Amino acid sequence: GTGRVTSIRLRLLRWLIGPILLINLAGAALTYMLAWTPAQLAFDQVLSDAARTAVSAGGQPVEAAVANTLRKREQIRAATLRAVVLVEGLFTLALVGLIWFSVTNGLQPLARMRADLDGRDGDELAPIADDGVPYELAPVVSSFNDLLGRVQAGASAQHDFLANVAHQLRTPLAGMKLQLEWLGARHAGDA
């Protein structure tokens, strides 16, 4: 069967961005809870104090104060949520950009190696320079250089074989040429 071609860049991005986004989302939820819980407790205390004050003052209606406090509470809650979503959105974009830049920068040695190989002629079998090659690519460069050495040895053996065959054919052909010239000179004298 045919294997699916995968991209190292896409694999790295998937394995880096996914977990970071999940951690960022959990951080946003935690930040929201930490920011909102004290505010909610303060509002609940204000409501409780207003209810106690109304009861101690002879049971006067406190509906307006409670409605006003609840409205402020929802406004502050919405503002807190918007701020957390905005900040976390900006952090997420910054992290995705940083990860993209880091992965692209980390894959530069592969791009340089590919450019070096693409720039070679078809008959250039010199080994790839292994100085400055990252540790993770050293085994690939070593294996590729071994392959180039085997190809060069095979090309050399093929060249030597063809040179030997050409030499072996030249000797009998030279003898046949001399015999043909001798026969041609002999028959020319008979004519």
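Tutor: A salt bridge is a side-chain nitrogen of Lys or Arg within 4 Å of a carboxyl oxygen of Asp or Glu. The model is predicted: local features need pLDDT of at least 70, side-chain atom pairs count only at pLDDT 80 or more, and totals for chains, interfaces and linings use all residues. Residues are numbered from 1 along each chain as its sequence is written, and side-chain values use heavy atoms, with hydrogens and water left out.

Student: How many salt bridges does the structure hold?

Tutor: Side chains of opposite charge can pair when their charged atoms come close. The structure holds one salt bridge. Asp 118 pairs with Arg 114, with 4.0 Å between the closest N and O atoms.

Student: Where do Asp 118 and Arg 114 lie?

Tutor: Helices are DSSP runs (H or I, at least four residues), numbered from the N terminus. Both residues lie in helix H3, four residues apart, about one turn of the helix.

Student: Is Asp 118 buried or exposed?

Tutor: Buried means under 20% relative accessible area, exposed over 50%, and partly exposed in between (1.4 Å probe, protein chains only). Asp 118 is exposed because its relative accessible area is 59%; Arg 114 is exposed at 55%. Phe 43, found in helix H1 (residues 8–56), counts as buried because its relative accessibility is 12%.

Student: Where does Asp 123 lie?

Tutor: Asp 123 is in the loop between helix H3 (108–118) and helix H4 (138–190). Asp 123 counts as exposed, at 65% relative accessibility. Its C-alpha atom is 9.6 Å from that of Ala 155, 32 residues apart in sequence.

Notes
Helix = DSSP H or I, 4+ residues; strand = E, 2+ residues; numbered from the N terminus.
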